[in-house]
Amino acid sequence: MSNVEEFRAEIRSWLRSHLTGEFAALRGRGGPGREHEAHAERLAWERHMAAEGWTCVGWPKEYGGRGASLEQQVAFHEEYALADAPARVGHIGEQLLGPTLIAFGTPEQRERFLPPIVAVEELWCQGYSEPDAGSDLANVRTRAERDGGQWVVTGQKIWTSQAHESDWCFVVARTEPGSVRHQGLSYLLVPLRRPGVDIRPIVQLTGTSEFNEVFFDGARTDAENVVGAPGDGWKVAMATLGFERGVSTLGQQVGFRRELEAVIDLARHNGAAADPLIRDRIARAWIGLETIRFNALRMLGGVAAGAPGPEASIGKIFWATWHRELGELAMDVCGAGGMLAAGEPYDLTDWQRLYLFSRSDTIYAGSNEIQRNIIAERVLGLPKEVRP
């Protein structure tokens, strides 16, 4: 048995024996559009995982991880999803900020911030998008100025996932007055539970509020809480985006497969499968899911070789569009009954929630339009889009 197979068997056995008792009811809870579900209980589960050494498995051992290989990390995320374990609450700290600090942080920053991420004692959110700088991150206008031993942050971020549950936010802010586009940006670690921070949840089509507006009005963070040199924020922010599209995508696809299988089962039971057009769309959805998986494996192969390529942008636009279309297929399989809420005042079925929330898949983490520009300009070498 290979090391990967042994690792897979170990995490599978652990999940089988620990997703029991008080944690058994958490199976399938949380996730996109459902982050409000059992948050406190999922946090307790994740801290239990931490106590057993199952958080941050891909981090080096010296920083509290297991030093798992890329193949072992893939196995972990796949087995976690196959067990229908609850959605992770510390994902952003573990998968995005932690690797960024390991790559760019100072020894003092790693000592201060990594242990609470491993222990799930501090939760993080990502302060990138703004009202006038969504996928166009280089257009951010949130600014930060040095005031003695602190940075003073003023501006607004939007679509900030889980900000209302987070303790800290990593913020891209403009720290050089008069700078434009990619220059003069810095990557700051900003505490949220302080004066000068106002978090306002945004009610979504699903009726839930996992996205937020975050207003900084003279919010302060210590001067040493800048990752990389001041002005190098673009480079650090791009590295974080690279980590965002990492090994956890394989676990995401297990969830996609479960959703597709449930749609197929519904079509068989309510007669929708008799429609040849529905059967054709189901077949194309299955083919698309296989394509997503193989592209992800190709992307991870590039990461392992130290040179991630265009697969990340290709993968993002493909899975986002596929998932949105799966939501549309699910509603068509439901038929006219899919237009009725499950209960008062706005109780949605799983299919309705999938349809509504998957609309955001093609917007967050880089909109489809921006991904097409990246592929066109950086991969195909087409002329750059004319900008004002």
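Modeller: Let's start with a term: a strand is a DSSP run of E with at least two residues, and strands are numbered from the N terminus. Keep in mind that this is a predicted model.

Biologist: What makes the phi of R181 worth a look?

Modeller: Most residues other than glycine have a negative phi. R181 isn't a glycine, yet its phi is positive, about 50 degrees. C56 does something like that too: its phi is near 55 degrees, again positive in a residue other than glycine.

Biologist: Where does C56 lie, and how do you know whether C56 is buried or exposed?

Modeller: C56 is in the loop between α2 and α3 (70-82). The cut-off for buried is under 20%, and C56 has 1% relative accessibility, so buried it is.

Biologist: What about E35: why is that one called buried or exposed?

Modeller: E35 has a relative accessible area of 16%, which is under the 20% cut-off, so E35 is buried. You'll find E35 in the loop between α1 (3-18) and α2 (39-51). Skipping neighbours within four places in sequence, E35 touches R42, Q162 and E210.

Biologist: Now the helices. How do you know whether α4 and α5 are roughly parallel or antiparallel?

Modeller: Look at the angle. Helix α4 (residues 91-104) packs against helix α5 (residues 107-118) at about 160 degrees, and their axes are 10 Å apart. Anything over 145 degrees counts as roughly antiparallel, so that's what α4 and α5 are. Their crossing is left-handed.

Biologist: Which residues meet there?

Modeller: From α4 you get G93, E94, L97, G98, L101 and I102, and they meet Q109, R110, F113, L114 and I117 of α5. Sorted by type, this contact has six nonpolar, three polar and two charged residues.

Biologist: Last one: what kind of peptide bond joins E344 and P345?

Modeller: A cis one, with omega at about -5 degrees. Most peptide bonds are trans. As for where to look, P345 is in the loop between α9 (311-334) and α10 (350-357).

Key. Residues are numbered from 1 along each chain as its sequence is written. This is a predicted model: local features need pLDDT of at least 70, side-chain atom pairs count only at pLDDT 80 or more; totals for chains, interfaces and linings use all residues. Side-chain values use heavy atoms; hydrogens and water are left out. Axes are lines fitted to C-alpha atoms, for helices over the stretch in contact, and angles run from 0 to 180 degrees between N-to-C directions. Helices (H or I, at least four residues) and strands (E, at least two) are DSSP runs, numbered from the N terminus. Angles under 35 degrees count as roughly parallel, over 145 as roughly antiparallel, 65 to 115 as roughly perpendicular and the rest as oblique. A crossing is left-handed if the near helix is turned anticlockwise from the far one by less than a right angle, and right-handed if clockwise. Contact means heavy atoms within 4.5 Å. Ala, Val, Leu, Ile, Met, Phe, Trp, Tyr, Cys and Pro count as nonpolar, Asp, Glu, Lys and Arg as charged, and the others, Gly among them, as polar. Buried means under 20% relative accessible area, exposed over 50%, partly exposed in between (1.4 Å probe, protein chains only).
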